[in-house]
Amino acid sequence: MLELRHVEKIVGRDTHVHATSLALERGSLNVLLGPTLSGKTSLMRLMAGLDTPTAGSVWFDGKDVTGVRVQDRGVAMVYQQFINYPALTVYENIASPMRIKGADKATIDREVRKAAELLKLTPYLDRTPLNLSGGQQQRTALARAIVKNASLVLLDEPLANLDYKLREELRLELPKIFAASGAIFVYATTEPSEALLLGGNTATMSEGRITQFGRTIDVYRRPNDLLTARTFADPPLNAMDVVKRNGQFTAGDRPLLAVPPHLSQLADGPCTIAFHPHHLSLSSQAPGSAPLQARTAISEIAGSESFVHIEFEGSRWVMLSPGIHDIEPDALITVHVDTRHLMAFGMDGRALGAPVAMAA
Amino acid sequence: MARITLDHIRHAYGIRPSAPNDYALREVNHEWSDGGAYALLGPSGCGKTTLLNIISGLLQPSEGRILFDGEDVTDLPTEARNIAQVFQFPVIYDTMTVYDNLAFPLRNRGVAESAVKRRVEEILEMTGLADRANRKARGLTADQKQKISLGRGLVRNDVNAILFDEPLTVIDPHMKWQLRSQLKKLHRQFGFTMVYVTHDQTEALTFADKVVVMYDGQIVQIGTPAELFETPRHTFVGYFIGSPGMNVLPMQVDGATAVIGGERIDLGFAPSPKVAAKLELGIRPEFVRIGREGHPVRIDKVEDIGRHKIVRATFAGQSVAAVMPEEDEVPADARIAFDPKAINIYADSWRVERGA
Amino acid sequence: MDKTWNNKAWFMVLPVLLLVAFSAVIPLMTVVNYSVQDTFGNNQFFWAGTDWFTQVLDSARFWDSLVRNLAFSAVILAIQIPLGIFIALNMPRHGLGVPVCLIFMALPLLIPWNVVGTIWQLLCRADIGLVGWGLTQLGFPFAYAADPVDAWVTIVVMDVWHWTSLVVLLCYAGLVSIPEAYYQAAKIDGASRLAVFRYIQLPKMKRVLLIAILLRFMDSFMIYTEPFVVTGGGPGSSTTFLSIDLVKMAVGQFDLGPAAAMSIVYFLIVLLLSWIFYTVMTQGDQA
């Protein structure tokens, strides 16, 4: 188990990581999700031991490893750039961490072939990395991290430089590979959809802080605060400041929506309501839907579905609606909010009520 | 703005090409209309950047001609073609201020300073860089720098076309949404002819009126986002567009029925493909229903990805993906059904027209 | 980004520290020692205080040499830096021409100083030298041993021939690190050749150019071998630079005290000017 205890990193006058405590179990996949500069890489460097924390300590399997050098920690790292030895073959690249350890020839051969099979590199073992595609180069780097048999594997946006489809394929394979290894995996990404596809646990990060940590789908469905909800939304979260009064959410004294049952316990007063773009639709079929009049801005069609950007009472929203809707800009349309999925946050950003658990 | 004609363009890097495989770009013969928004979509190495560079004049095609509004520009250098281009990584002039960066293309062409000011201020407003106008460009973050690059591409309103080479690669997801819809708005407002190169289907589909799907140096389909989704001409298009991509299942035809393994699926029409061709049935995961009706199926895995679930299943020995709404549950004795209207038939990877 | 602290790393630099101590610090201390004492031989030394320094700074001979040095460095920088940039800009960036040009450029740098001096001395001789004889035949009597202007021209040309390559190579390294997209973007923005130089190439070359200027300044300011071989400081004292004067004083006349004082003043001047160069040129970076 890897434990961060009140770890903090301050460089000069900038706080890269605010005091953070986190415990990661063996055999788990943990996603760090947040925008660029939110502290993902800084936190990983602290976990790896590439940086020493300004305050706090790092524990591994009950031992304090705060000052222990990277070389002595059993850490493997995969970066956004494809980092391999350009002069060595794929085989030698994968074998390199074991050669350093001084493993015998037979073991090396067995492990390299196993990793190559897992990552579909068997046909390319005799090539050098520069003669491979980007996806194959990154697979080589991943294979090297896996044969190292490290107890902690850190992946810093490993798929960011790959083609969309390759990313999709690797994303599907990665959890299987991870499950087979038994190490602690930490995976940094800027993309909410990537976190959801990988599953496991997610820690959402914002400005050097972990805003929430838990099972990926739980963090997505029941964010503790507005910041987490925003970080974990792609397309962006739709939100609006309202006042709860007499069983209605009102804006500027006009009633907008009836308060749905799961939020009925809320005290009257100001709050922020929020929901994901796919809970906004053009049809009123969903049982808990409430109609709103909104003005359209731009429609984007993505094959089977459309993103319609709309403006409602000064808030910019996105509607993700199945089917093709090429709506003229500046038109007045009726949209329906599926209020069963409405989230509510207090003025301090804390979650006040979340949608009822759907199929836990 | 201009109509772009690609007249039998082929390109090979390096040596004299002999076989079709020597060409990075095999044969492109198309006309793109004035004011259209086009996306070139494909995996790396498919020739999309080669084609873009031929349009911008950074590359001379080995064969063929390129015309802007009917005028042959094949031998014209980039600067004489009057185009704008935005690159994958931000290209900014470090020593200049943000304002001067944006003014640069105009000043180089001797535009009067009052007109420069008006135009640059518009762009500053549009890109949200107004408060940084007088800062040196060097100290900005990657996405601010890329906004400058975008801004420099948009600042001239007399260009024949604006070309984008994966411009949102370095941008955070949230910012992508904002910039993309801004680009789309600008396109509607000014009617620039825009060509956008990307490997990201969402970017391509949402940006363009017409998406040009490229594969292995060839254009495999040009179509609206809806066409590419509903009737992919080639199995590659089916695979590349959509997430997960289209299910492609090897099959036999028996009249108006498809036979996969031991299962028979009604097609609603009798395809008449070439004899001895490799036949496949294509259906998007969005049109595969997992419920209580249909054919027997084994459920392998259910991925809850928030807005919907992806069900991975085995049907007649083939893996099949299905998309299921957020609220729905996989029933205990699950069965699989395919929406017959959404089935496409492929012979040797190319789509067989209905009634053909 | 700070790194994990590791005290053992100091052992790695120890050999270098020792080397520097023996080759620089200890000799420098000896010189300082000499500069404040007087001796009449027999290893007997007397405290001389600042006498030697006053003597050096009061002598016209020192100031003349210093002015000659500054003039020489100014001429060298004024020629070599623009010329070096110009050549680097025109070197090929792809293909077979690259290694050919690089080897051709590196050649003068591989030749020892005194050999360079000897080559040019022979070339410029009016009786048997190709250049000297040729010029004289064309009606430009050329005699570096007699005419101060000819002597200067010879040394400047020789130094340009010898060292411009260094500037070229440094600038070239800076230029090839500029991504192709910058040139493409500039073309599309309609930038002129001059604008490309001014806004893309020069800013990207700035760092290496700074190194080139510093190296060329320090080297030219301490020039010794070439004038020593070619002109021996003459005719008269027209090419007697500080270093030549220093050696004459220390080795020729064995005036150790004044020579030591002069060395220190010389050293401080080099240090001061280098510092000024560096500060001025890196000032823009803080903006």
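Buried area is the accessible area (1.4 Å probe) that two parts lose on being put together, summed over both. By this definition, chain C and chain B bury about 1700 Å² between them, 60% of it on carbon and sulfur atoms, whereas chain B and chain A bury about 3600 Å², 55% of it on carbon and sulfur atoms. This is a predicted model, in which local features need pLDDT of at least 70, side-chain atom pairs count only at pLDDT 80 or more, and totals for chains, interfaces and linings use all residues. Residues are numbered from 1 along each chain as its sequence is written, chains are lettered from A and ligands numbered from 1 in the order in which they are written, and side-chain values use heavy atoms, with hydrogens and water left out.

**Interface of chain B and chain A**

- The contact set, counted where heavy atoms lie within 4.5 Å, comprises 39 residues of chain B and 45 residues of chain A.
- Of the area that chain B buries against chain A, 19% is supplied by B:W177, B:R188 and B:R307, more than by any other three residues.
- There are 6 salt bridges between chain B and chain A, a salt bridge being a side-chain nitrogen of Lys or Arg within 4 Å of a carboxyl oxygen of Asp or Glu.
- One of the salt bridges joins the side chains of B:R180 and A:E300, at 3.4 Å from N to O.
- Chain B and chain A also share 20 residue pairs in polar contact, both residues at pLDDT 80 or more. A polar contact is a pair of N or O atoms within 3.5 Å; within protein, one must be able to donate a hydrogen and the other to accept it, and residues adjacent in sequence count only if both atoms are side-chain atoms.
- The elements of chain B that give two or more residues to the side touching chain A are helix 5 (173-190), helix 6 (201-207), helix 7 (225-230), helix 8 (235-240), strand 18 (298-304) and strand 19 (308-315). Helices (H or I, at least four residues) and strands (E, at least two) are DSSP runs, numbered from the N terminus.
- Helix 5 of chain B provides the largest share of that side, 8 residues.
- By class, the side of chain B that touches chain A holds 12 nonpolar, 12 polar and 15 charged residues. Ala, Val, Leu, Ile, Met, Phe, Trp, Tyr, Cys and Pro count as nonpolar, Asp, Glu, Lys and Arg as charged, and the others, Gly among them, as polar.

**Interface of chain C and chain B**

- Here 18 residues of chain C are in contact with 21 residues of chain B.
- The salt bridges between chain C and chain B number 2; one of them links B:R152 with C:D189, whose closest N and O atoms are 2.9 Å apart.
- Helix 8 (180-188) and helix 9 (193-221) of chain C each supply at least two residues of the side that touches chain B, and helix 8 of chain C gives the largest share, 7 residues.
- That side of chain C has 10 nonpolar, 3 polar and 5 charged residues.

**Chain architecture**

- Chain B contains 8 helices and 23 strands, and its C-alpha atoms fill a box of roughly 75 × 50 × 35 Å along the principal axes.
- Buried residues make up 56% of the 356 residues in chain B. Buried means under 20% relative accessible area, exposed over 50%, and partly exposed in between (1.4 Å probe, protein chains only).
- Chain C contains 12 helices and 2 strands, and its C-alpha atoms fill a box of roughly 75 × 70 × 35 Å along the principal axes.
- Of the 287 residues of chain C, 39% count as buried.

**Local features**

- In helix 2 (residues 90-101) of chain A, the buried residues include A:V90, A:Y91, A:I94 and A:M98.
- The buried residues of helix 2 of chain A pack against helix 3 (105-118) and helix 4 (134-147) of chain A.
- Just after helix 2 of chain A, A:G102 takes a positive phi of about 80 degrees.
- C:V32 lies in helix 1 (residues 9-35) of chain C and counts as partly exposed because its relative accessibility is 33%.
- C:V32 and C:A261 are 229 residues apart in sequence and 7.5 Å apart in space, C-alpha to C-alpha.
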